[in-house]
Amino acid sequence: MNDFFDSRVRTDGVADTQAWLQAQYGHVDVLADHASISEHAVGDESFALRRLAWECRAEIVYEADRFFFATSGPGYAWRIGSRAGDYSVEPGIVEPGHELIGRPDKTEVQLLSFDAQWLRETARTIYGDEALEIRFGDTGPVSRRLRDYWLATVRWALTQTPLLAEPLVRAHVRRALVAATLEAFPLLGDPRERRASAIEQAAVYAAAVSWIDDHASLPVTIDDAARAVGTSTQGLRRAFLANGHLASTPEDHLAHARLSAAHADLLAADPTTTSVVDIAARWGFVDLAAFVQAYRDAYRTTPRRTLDR
């Protein structure tokens, strides 16, 4: 995802606040003589973290086009159909197509949102179920323990917002948030089957990482790795998509393992008897220019400089 955004907004006065809120949420009535709101939003097209400070009392009517998961300080009552609650008491969901009637009253709100299609595809990858649809059986978490886990994950993610412009950091934070959310809220279907599938994929991933690391010096392929851990090549790719933070494909992990090994060799080698070309070839990098660029991206220096230390 390259469409990263990091935006801050602050309104002053009832008219500006009303106009901005209506642009974001549709029907909004600001119920105050003095009003302002501030928002810090960070994310990309797949997810967003938003922190809003309402310095007014208002009523909003909003039909969601994404999945929203919210928590707040005291003062955010809500209604969705026949269900009602307060986000300060219990975190809650707004699903796409559902109409939220919210009544914030001088409070702070933390919102996590996911694009519906992205969340569905990610959940299918995590649980290994190509038919999985994302629907929830209730508006709140399934237990107090998982509620606390989700809240702690969101609090941690908010501390990472200064770093989210970095794609690898953003992918790690996004993965932690989606895993916590899918576990904490009551996704329809059999949670035991989903958990068993996720555990199986995590075991495949761990075994494959270990095997690839042990065999990186050999002319192995990803098909070899899949056979070694008892899965198909496609199953191995699904396991990496579901569990890999730094490398989302087995091919990337193999390349990273070989690059790391080349780095160790460059640090240990004698520059009077060993060349960068020798070490690159030893680890399967036949295109020297591509090796130098990959090394520079990973270590912020050149192989030559590392070798000459």
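Strands β2 and β5 pair in the antiparallel sense over four bridges (strands are DSSP E runs of at least two residues, helices H or I runs of at least four, both numbered from the N terminus; pairing takes at least two DSSP bridges). Val 30 has Ala 58 of β5 as its bridge partner. Everything here comes from a predicted model, where local features need pLDDT of at least 70, side-chain atom pairs count only at pLDDT 80 or more, and totals for chains, interfaces and linings use all residues. Residues are numbered from 1 along each chain as its sequence is written, and side-chain values use heavy atoms, with hydrogens and water left out.

Zooming out, the open sheet has five strands in the order β2-β5-β10-β7-β8, with antiparallel pairing. Its edge strands, β2 (27–30) and β8 (83–86), each pair on one side only. Twist averages 15 degrees from one strand to the next. Helix α1 (residues 14–25) packs on this sheet and touches β2 and β5, its direction making about 160 degrees with that of β2 (axes are lines fitted to C-alpha atoms, for helices over the stretch in contact, with angles from 0 to 180 degrees between N-to-C directions; contact means heavy atoms within 4.5 Å).

As for helix pairs, the axes of α2 (residues 116–127) and α5 (residues 191–215) come within 7 Å and cross at roughly 70 degrees. The two are therefore roughly perpendicular (65 to 115 degrees; under 35 is roughly parallel, over 145 roughly antiparallel, the rest oblique). Thr 125, Ile 126 and Tyr 127 of α2 meet Arg 194, Ser 197, Ala 198 and Gln 201 of α5 in this contact.
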